Amino acid sequence: MSSTTPATARLEARISPELYALLKRAAALQDRTLTDFVIAAVQDAAQRAIEQAEVLRLSVADQERFAQALLEPPPAAPALERAFARRRALGFAE
């Protein structure tokens with residue numbers, strides 16, 4: 001049976017002594033190592049940043065309006081109708 005070490009990457013950062021002390025205190029309060037505390041905090045922050053950038057949150061009322069617009073779209077504006085007509089005249093398929 002072979003034992004393999006999972007691949008890891010190294011991350012280094014220069015921080016002020018005050019921030020270092022703050023992180024050590026927070027880690028101790030959670031009974032974690034400094035490394036474990038920092039990794040967990042950074043992972044949480046990264047996940048929140050990605051979620052804020054990629055997830056669209058709508059109120060219930062906005063969700064209902066969005067669904068209604070999909071189910072019963074409003075009629076096309078005259079300018080859009082003209083654009084489609086020009087596109088068809090140029091030989092593009094719809």
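How many nonpolar, polar and charged residues make up the lining of the largest pocket? In this predicted model, the lining divides by class into 11 nonpolar, 1 polar and 2 charged residues. The pocket itself holds about 580 Å³ of space, and 14 residues line it. Nearest its centre lie Leu11, Glu12, Thr35, Val38 and Ile39. Two elements, helix 1 (17-29) and helix 2 (34-54), each give two or more residues to this lining. Helix 2 provides the largest share, with 5 residues.

After helix 1 comes Asp31, which has a positive phi, near 55 degrees.

How the two helices meet can be described in simple terms. Two packed helices are characterised by the angle between their axes and by the distance separating those axes. Here, helix 1 packs against helix 2 at an angle of about 95 degrees, and their axes are 9 Å apart. Because angles of 65 to 115 degrees count as roughly perpendicular, helix 1 is roughly perpendicular to helix 2. Helix 1 brings Tyr20, Leu23, Lys24, Ala26 and Ala27 to the contact, while helix 2 brings Leu34, Phe37 and Val38. By class, the residues of this contact comprise 7 nonpolar, no polar and 1 charged.

Technical notes. Residues are numbered from 1 along each chain as its sequence is written. This is a predicted model: local features need pLDDT of at least 70, side-chain atom pairs count only at pLDDT 80 or more; totals for chains, interfaces and linings use all residues. Side-chain values use heavy atoms; hydrogens and water are left out. On a 1 Å grid over the protein atoms alone, a cavity is a set of points where a 1.4 Å probe fits but cannot get out, and a pocket is an open set with protein on both sides within 12 Å along at least five of seven lines; lining residues have an atom within 4 Å of a point. Grid points are joined across faces, edges and corners, and a volume is the space filled by probe spheres set on the points. Helices (H or I, at least four residues) and strands (E, at least two) are DSSP runs, numbered from the N terminus. Ala, Val, Leu, Ile, Met, Phe, Trp, Tyr, Cys and Pro count as nonpolar, Asp, Glu, Lys and Arg as charged, and the others, Gly among them, as polar. Axes are lines fitted to C-alpha atoms, for helices over the stretch in contact, and angles run from 0 to 180 degrees between N-to-C directions. Angles under 35 degrees count as roughly parallel, over 145 as roughly antiparallel, 65 to 115 as roughly perpendicular and the rest as oblique. Contact means heavy atoms within 4.5 Å.
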